Amino acid sequence: MMVYTPDFDAPMAAPKRKRAAGSAPRPVDFAPVRVVWRDPLFWAGAALALGFAAIAVKAGAVALLRTPLKTIAQAPIAAPEAPTKPISTEIAPPRADLVDRAGILLASSVLTPTLFADPSIVVDPVQTAQAVARVIGDVDAGDLAVKLTNSGTRFVAIKRGVSPRETAAILDLGLPGIKLKKDRRRAYAHDHLAAQLIGFVGDDGEGLDGVEAAFDARLKAEPTLPLHLSIDLIVQSAVEEELQQAMSAFNASGGMALVISAKTGEILALSSLPSFQPSAFRTATANQLRNRAWVEPYELGSVMKPITIAMGLEAQAIAPDETFTLNQGLPRQNASPLRDSRLWDDPVSIEEMLTFSSNVGPAMIAQRLGTDGLAQGWRLLGLNAPAPIALSGSAAPILPSEPSAQTLAQIGYGYGISVTPLALARAYLAFAQDGTIPELTVLARTPGEETKRLRALSAETAARMRGYLRAVVETGTARAADIPGYEVLGKTGTAEKLDEEGGRDRDRNVASFVGLFPGWAPAYVVMVMLDEPVASDGAPRATGGATSAAAVGRIITRIGPVLGVQSPADSAKEQP
Amino acid sequence: MSRPLAPGASASFLRDGLTRSDRSLIAEWRQTIDPLILVSALLLLGGGVMASLAAGPAGAAREQLSNAYGFTLRHGVFALAAALTMMTVSLARPVDIKRFGLALFVVASLLTAGLVLVGTTVQGSARWLRLPMGFQLQPSELLKPSLVIVVAMALAAKAGRPRFPGIWLSLGLLGAGAGLLALQPDYGQTALLAVVVGALLMAGGAPWRLLAGMAGAGAAGLVVLYFTVEYVQRRINAFFGWEGAKADDLQINRSLDAISHGGLIGVGPGEGEVKYQLPDAHSDFVFAVIGEELGLVGLLGIVAVFAALCLGGLARARRLVDPFARFAASGLLLLVGVQAMIHMLVNVQLAPTKGMTLPFISYGGSSMIGIALTLGAVLALTRKRALAYSPSPSDLDRVA
């Protein structure tokens, strides 16, 4: 049999297989199969057609009926060994506003586009960077070109919060790999006010610090319901302004001021300076980010003396009417006796020793209390633990573990023990009313909500302490805080910092004042602390009395009317 | 031009330039080439270059290439080379196809066998032959079409001489070729070759029992693979939703995510996002990438072009009178069609994950040159020559 090989050059001719039905010769078996359904190749083609049809149907079903992904990032992450991170098209989740106790806006989320580059798609990094820099003002072309060239990621943020004009300009450029994504940014209505307390939010919408971090879940869960903070915006701005002024006046390196309601434990104002803008926390310096209120413990000095005395009274280590002879000082091992800088008119009452800030007296009381007595007192006043506050970072006090007699004496007047200012202010809350300490909160309490209170002192001790503290302001070291009409109570402290040899450096102080007002029924604790204030001309030392007490006085002058503090006598006069 | 000149047709156009009287190579080619197959193949090549603009950067990102358009650029070069190769091969006579096919079969078999012994291992398989200038050759891409041609020769020989053991020879060839591919191991290509040669055997008159035996052997082989090869088991488990295999499950879901993200008209060229999460976006999952960027419209376009190429081509090829041309053209078209079908079935999750490129559209020089040779041979074999085709019923009507 011949194998048919077409001749390429053969002339065209009509098919020869024209034949009448019936007389047809049996087709040669290599000829194409005429009846299509007998041809296996037809069935092969049919199977292929079926496959293609199935693909078309399934593709249609997937493309049109399958629930499209809302955002790709919601889908489970690709295979774990995947070397590239997918671009998230997700925008930061909606987030509830933060408002102050009166409902004034503090922080809110706004929708703004973010301009970014996907370096894996950018064709020419240098040209692209230059083109972007031409239309977006604050972009450095060289810097961006480097990032586009060397970045291993698929996301290089160029600018967050691009304006509509910039958006249009970028879109006009039509650069491959330069993209915009919708984003949410947190805007803070009052700049740096209460920055440490409010905290800040990362680019992904994750609360990173302060209230933003502590209540992150709540802010995301109920984005339409504003979160009422305990902050009072007017009080806060007065406090922050006065603290800033005091810092400038005394050239202090830092400062802290706060106002707490003694009735409810609400923190009405809290400021740590220098501070930062929460919206630009990335550019803030480490010093600006420092939180002097509850993250850093300080040796606060004399402001601890009322604590020692209250603990002594409470433990009955001293009697209320007891007198002390202070002039001979307190004997110390391997050292001259501890003496006060002033000459006393012995014997001295507790009130006098506090008014003129004796070191010897509280040192004697601390030694009488002993380690166990002090530990007991600290426990009651909450000075053995971090200040209980919902925000993260509240620091534990630094307490000596097994104090010698000499250390015990120091602790009596506030050395050798470091606590955060917030923890100390909280302890002072015990003096304000009946000896109980309200639960601290950064959220506004709802009207009628009962405040949990812990008993720290007896009501009797609290009342006695109020008497002593009033004397300090009236006649003692804190006269600068004696604002007429408020009968301010309080105690100053000027703690010398340790120098490099472990001695005390007279020129580097922590000057503080913890005050309570109004004197007839203290409702607020106000504290100011200045870090390393420098004496102004004429004054011998930048003491707590000269610096912080004066600042507290000015704060009370400003916030007293705002808080509606009126003496009962004045109120009675107004009644017809 | 689309149909053999029937007797009595007007001779007037014979006088025109570039007509049948023109015997220059180009004119001859233009007159006799099958436009459907040619246009479909060129559409696929062009579509592949367009798709590589989308899939290339995604693949480059995944393989951490320094140049995002590295794949795209090379794809363009390969596409050009493929077009030239296809055109050149389409000029050949059937006898050239036989000679070249046989020679290629010998070379590709030796290379594949050599690779199995001393191969460059990529992703656990010895598939690549390192060439100078950084090129790599995958001889299996050349083995597939050449084996189909040699099988067609064997079956054609049997058609001419019924005593010729064409069936057994074909089976032996299939066993050798498939065995080499399975040793690499590349079970997908093995199965592809078995399916195509199986169809050819049927067309060549093999008894049904033999085909049933082949199918049974294939099924048994699959069961053995399931229980012996870990990734095969994982992928099949993932496909049927049986327990096991998270990563592969995700691959396949990503391809559906991409297609559903694309919707009807796609998210637009370059706008795809899911594509970055697809493994081998530029090769094994290019269909899903097209689905994301060009939508269902793009996908149906691709399916339509493949259907036109393979079904239209088959309809012509099965009418070829010469048994070799018929078997070879049909087999080669099936090779392309089945490979495309497997790729698309995997991408729309109608089949378990199997890395298979989409002919002419996926990235891959060897694959593209292999397909160019395949379709070039199909074009050469389906050219209109005297007595090349048995007349279609309509031709008979006209003559009657």
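Predicted model: local features only at pLDDT ≥ 70, side-chain atom pairs only at ≥ 80, totals over all residues.
Reader: Is Lys144(B) buried or exposed? And Glu141(B), buried or exposed?

Author: Buried means under 20% relative accessible area. Lys144(B) has 2%, so it is buried. Glu141(B) has 4% and is buried too.

Reader: Which residue forms a salt bridge with Glu532(A)?

Author: Lys497(A) does, with the closest N and O atoms 3.0 Å apart. This pair links distant parts of the chain, 35 residues apart. Glu532(A) sits in the loop between strand 20 and helix 16 of chain A, and Lys497(A) in strand 18 of chain A. Glu532(A) is partly exposed, with a relative accessible area of 23%. Lys497(A) counts as buried at 19%.

Reader: Now the sheet. How should I read strand pairing in general?

Author: Strands of a sheet pair through backbone hydrogen bonds, either parallel or antiparallel. Here five strands of chain A form an open sheet, in the order 9-8-20-19-18. The pairing is antiparallel.

Reader: Which strands are at the edges?

Author: Strand 9 (267–273) and strand 18 (489–498) of chain A. Each pairs on one side only. Neighbouring strands of the sheet are turned by 10 degrees against each other on average, direction ignored.

Reader: What packs on this sheet?

Author: Helix 16 (residues 548–562) of chain A does. It touches strand 8, strand 18, strand 19 (504–517) and strand 20 of chain A. The direction of helix 16 makes about 140 degrees with that of strand 20.

Reader: How many bridges join strand 8 to strand 20 in chain A?

Author: Eight, between residues 254–261 of strand 8 and residues 524–531 of strand 20, running antiparallel. Then take Ala257(A), which stands opposite Val528(A) in strand 20.

Reader: And how does strand 8 of chain A pair with strand 9 of chain A?

Author: In the antiparallel sense, over six bridges. Leu258(A) stands opposite Leu270(A) in strand 9. The two strands form a hairpin with five residues between them. Gly265(A), in the turn, has a positive phi of about 75 degrees.

Reader: How do side chains sit in a regular strand?

Author: The side chains alternate between the two faces of the sheet. In strand 8 of chain A, both faces are covered. Gly254(A), Met256(A), Leu258(A) and Ile260(A) are buried on one side. Gly255(A), Ala257(A), Val259(A) and Ser261(A) are buried on the other. Eight of the eight residues are buried, so strand 8 is largely enclosed by the rest of the structure.

Reader: Which residues form a nonpolar patch on the surface?

Author: Leu64(A), Leu65(A), Leu264(B), Ile265(B) and Val297(B) do. Together they have about 540 Å² of accessible area. Leu65(A) is in the loop between helix 1 (40–64) and strand 1 (98–99) of chain A. At 71% relative accessibility, Leu65(A) counts as exposed.

Reader: How many helices and strands are there in chain A and in chain B?

Author: Chain A has 17 helices and 20 strands. Chain B has 14 helices and three strands. Buried residues make up 50% of the 576 residues in chain A, and 59% of the 400 residues in chain B.

Reader: What share of the accessible surface belongs to carbon and sulfur atoms in chain A and in chain B?

Author: In chain A, 54% of about 26000 Å². In chain B, 68% of about 15600 Å².

Definitions and conventions
Residues numbered from 1 in each chain as written. Chains lettered and ligands numbered in written order. Heavy atoms only, no water. Pairing = 2+ DSSP bridges. Helix = DSSP H or I, 4+ residues; strand = E, 2+ residues; numbered from the N terminus. Axes fitted to C-alpha atoms, helices over the stretch in contact; angles between N-to-C directions. Contact = heavy atoms within 4.5 Å. Buried < 20%, exposed > 50% of the residue type's maximum accessible area, 1.4 Å probe, protein only. Areas by Shrake-Rupley, 256 points an atom, 1.4 Å probe, with all protein chains shown as cover. Patch = residues over 30% accessible without salt bridge, like charges linked within 9 Å, V, L, I, M, F, W, Y side chains within 5 Å. Salt bridge = Lys/Arg side-chain N within 4 Å of Asp/Glu carboxyl O.
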